[in-house]
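Here is my note on this structure, in numbered points. Please keep the model open while you read.

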Amino acid sequence: MRKRAEISHYDVKNALVDIGRQAYELADTREVGLSILVQKTKAVWMLRGRLGVGGRQSIWRVGQVSDQLGVKAARERAGEAKRLLKAGQDPTEYLRVAEAGGPVRFNDRARDGWTWEEGRDDFLH
(Lines give C-alpha, C1' and ligand atoms only; values in the text may rest on other atoms or scores of the structure.)
Protein backbone atom coordinates (compact mmCIF):
# COMPACT_ATOMS: atom_id res chain seq x y z
CA MET A 1 0.00 0.00 0.00
CA ARG A 2 1.29 3.46 -0.89
CA LYS A 3 0.59 6.33 1.47
CA ARG A 4 1.49 9.99 0.97
CA ALA A 5 2.74 12.40 3.62
CA GLU A 6 5.51 14.87 4.30
CA ILE A 7 8.06 12.39 5.63
CA SER A 8 9.52 13.36 8.98
CA HIS A 9 12.18 11.97 11.32
CA TYR A 10 9.32 10.22 13.15
CA ASP A 11 8.34 8.37 9.95
CA VAL A 12 11.95 7.22 9.48
CA LYS A 13 12.01 5.80 13.02
CA ASN A 14 8.68 4.05 12.41
CA ALA A 15 9.98 2.58 9.15
CA LEU A 16 12.96 1.08 10.97
CA VAL A 17 10.64 -0.41 13.61
CA ASP A 18 8.22 -1.76 10.97
CA ILE A 19 10.86 -3.84 9.14
CA GLY A 20 9.57 -7.40 9.23
CA ARG A 21 6.18 -6.39 10.61
CA GLN A 22 4.47 -4.87 7.61
CA ALA A 23 5.34 -3.87 4.07
CA TYR A 24 4.36 -0.45 2.75
CA GLU A 25 5.54 2.55 0.78
CA LEU A 26 5.38 6.10 2.12
CA ALA A 27 5.71 8.78 -0.57
CA ASP A 28 7.09 12.19 0.39
CA THR A 29 4.88 15.12 -0.57
CA ARG A 30 7.73 17.61 -0.12
CA GLU A 31 10.27 16.00 -2.52
CA VAL A 32 8.08 14.57 -5.27
CA GLY A 33 9.19 11.10 -6.36
CA LEU A 34 10.99 10.25 -3.10
CA SER A 35 9.57 7.49 -0.91
CA ILE A 36 10.43 5.01 1.81
CA LEU A 37 9.86 1.39 0.86
CA VAL A 38 9.53 -0.87 3.91
CA GLN A 39 9.92 -4.59 3.25
CA LYS A 40 10.36 -7.77 5.30
CA THR A 41 14.13 -7.43 5.61
CA LYS A 42 14.93 -3.76 5.01
CA ALA A 43 13.73 -0.20 4.50
CA VAL A 44 15.13 1.83 1.60
CA TRP A 45 14.77 5.30 0.15
CA MET A 46 13.53 5.12 -3.45
CA LEU A 47 13.17 7.73 -6.19
CA ARG A 48 10.67 7.51 -9.03
CA GLY A 49 11.31 9.51 -12.17
CA ARG A 50 11.54 9.55 -15.94
CA LEU A 51 14.76 9.67 -17.91
CA GLY A 52 14.33 11.85 -20.98
CA VAL A 53 11.24 13.35 -22.50
CA GLY A 54 8.46 10.79 -22.64
CA GLY A 55 10.66 8.13 -21.04
CA ARG A 56 9.29 5.24 -19.06
CA GLN A 57 9.06 5.66 -15.33
CA SER A 58 12.04 4.18 -13.51
CA ILE A 59 12.81 3.61 -9.86
CA TRP A 60 16.24 4.26 -8.35
CA ARG A 61 17.56 3.32 -4.92
CA VAL A 62 18.65 6.43 -3.02
CA GLY A 63 20.00 4.54 0.00
CA GLN A 64 19.26 2.45 3.06
CA VAL A 65 16.94 4.08 5.60
CA SER A 66 19.05 4.71 8.71
CA ASP A 67 20.03 7.33 11.23
CA GLN A 68 22.94 8.26 8.92
CA LEU A 69 20.65 8.76 5.91
CA GLY A 70 17.74 10.68 7.33
CA VAL A 71 15.07 12.77 5.69
CA LYS A 72 17.24 15.80 4.95
CA ALA A 73 20.10 13.84 3.36
CA ALA A 74 17.70 11.66 1.33
CA ARG A 75 15.92 14.77 0.01
CA GLU A 76 19.26 16.32 -0.97
CA ARG A 77 20.33 13.17 -2.85
CA ALA A 78 16.95 12.89 -4.53
CA GLY A 79 17.06 16.57 -5.49
CA GLU A 80 20.48 16.17 -7.12
CA ALA A 81 19.33 13.00 -8.91
CA LYS A 82 16.27 14.88 -10.21
CA ARG A 83 18.53 17.68 -11.50
CA LEU A 84 20.52 15.05 -13.39
CA LEU A 85 17.30 13.59 -14.81
CA LYS A 86 16.19 17.03 -15.91
CA ALA A 87 19.52 17.48 -17.70
CA GLY A 88 18.95 14.16 -19.48
CA GLN A 89 21.54 12.22 -17.48
CA ASP A 90 21.03 8.86 -15.77
CA PRO A 91 21.43 9.29 -11.96
CA THR A 92 22.28 5.61 -11.34
CA GLU A 93 26.03 6.12 -10.99
CA TYR A 94 25.60 9.25 -8.84
CA LEU A 95 23.26 7.43 -6.44
CA ARG A 96 25.49 4.33 -6.30
CA VAL A 97 28.58 6.35 -5.42
CA ALA A 98 26.67 8.57 -2.97
CA GLU A 99 25.34 5.52 -1.16
CA ALA A 100 28.82 3.98 -0.99
CA GLY A 101 30.06 7.19 0.62
CA GLY A 102 32.65 7.96 -2.02
CA PRO A 103 33.32 11.25 -3.73
CA VAL A 104 30.72 12.04 -6.34
CA ARG A 105 32.21 13.08 -9.69
CA PHE A 106 30.32 14.07 -12.77
CA ASN A 107 31.24 13.71 -16.41
CA ASP A 108 29.61 17.01 -17.16
CA ARG A 109 31.64 19.44 -19.25
CA ALA A 110 29.95 22.46 -17.74
CA ARG A 111 30.87 21.37 -14.21
CA ASP A 112 34.29 19.90 -14.94
CA GLY A 113 35.44 22.75 -17.15
CA TRP A 114 36.46 20.59 -20.10
CA THR A 115 37.60 22.33 -23.21
CA TRP A 116 36.27 21.50 -26.64
CA GLU A 117 39.57 19.82 -27.53
CA GLU A 118 39.53 17.63 -24.43
CA GLY A 119 35.96 16.58 -25.16
CA ARG A 120 36.79 15.80 -28.76
CA ASP A 121 39.86 13.78 -27.79
CA ASP A 122 37.94 11.90 -25.12
CA PHE A 123 35.19 11.04 -27.60
CA LEU A 124 37.57 9.94 -30.36
CA HIS A 125 39.81 7.78 -28.15
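1. Start with contacts along the chain. Take the contacts in the protein chain between residues at least 6 apart in sequence: 35% of them join residues at least 24 apart. One such separation in sequence is that of His-9 and Lys-72, which are 63 residues apart along the chain. Their C-alpha atoms are separated by 9.0 Å. Bear in mind that this is a predicted model.

2. Next, the overall plan. The protein chain has five helices and five strands. Along the sequence, they follow the pattern β-α-β-β-β-β-α-α-α-α. Of the 125 residues, 37% are buried. The chain exposes about 8300 Å², and carbon and sulfur atoms supply 50% of that area.

3. Now look at helix α1, residues 9-18. Which of its residues are buried? They are Asp-11, Val-12, Ala-15 and Asp-18. Seen down the axis of α1, these buried residues fall within an arc of 130°, so they line one face of the helix.

4. The face turned away from the buried side carries the exposed residues His-9 and Tyr-10. His-9 has a relative accessible area of 52%. The cut-off for exposed is over 50%, so His-9 counts as exposed. Just after α1, Gly-20 takes a positive phi of about 90°.

5. Strand β2 deserves a careful look. Is it enclosed or open? Five of its five residues are buried, so β2 is largely enclosed by the rest of the structure. Both faces are covered. Tyr-24, Leu-26 and Asp-28 are buried on one side, and Glu-25 and Ala-27 are buried on the other.

6. Which way does β2 run beside β1 (residues 2-5), parallel or antiparallel? The two strands pair in the parallel sense, over four bridges. In one of these pairings, Ala-5 has Asp-28 of β2 as its bridge partner.

7. Last, the rings. Lys-3 lies over the face of Tyr-24, at 4.5 Å from the ring centre. Tyr-24 is also one of the buried residues of β2. As for aromatic pairs, the structure holds zero.

Notes:
Residues are numbered from 1 along each chain as its sequence is written. This is a predicted model: local features need pLDDT of at least 70, side-chain atom pairs count only at pLDDT 80 or more; totals for chains, interfaces and linings use all residues. Side-chain values use heavy atoms; hydrogens and water are left out. Buried means under 20% relative accessible area, exposed over 50%, partly exposed in between (1.4 Å probe, protein chains only). The arc is that of the directions from the helix axis to the C-beta atoms. Rings of Phe, Tyr and Trp (its six-membered ring) pair if their centres lie within 6.5 Å; planes under 30 degrees apart count as stacked, over 60 as edge-to-face and the rest as tilted. A charge sits over a ring if NZ of Lys or CZ of Arg is within 6 Å of the ring centre and within 35 degrees of the ring normal. Contact means heavy atoms within 4.5 Å. Accessible areas come from the Shrake-Rupley method with a 1.4 Å probe; for residues, only the protein chains shown count as cover. Two strands pair if DSSP finds at least two bridges between them.
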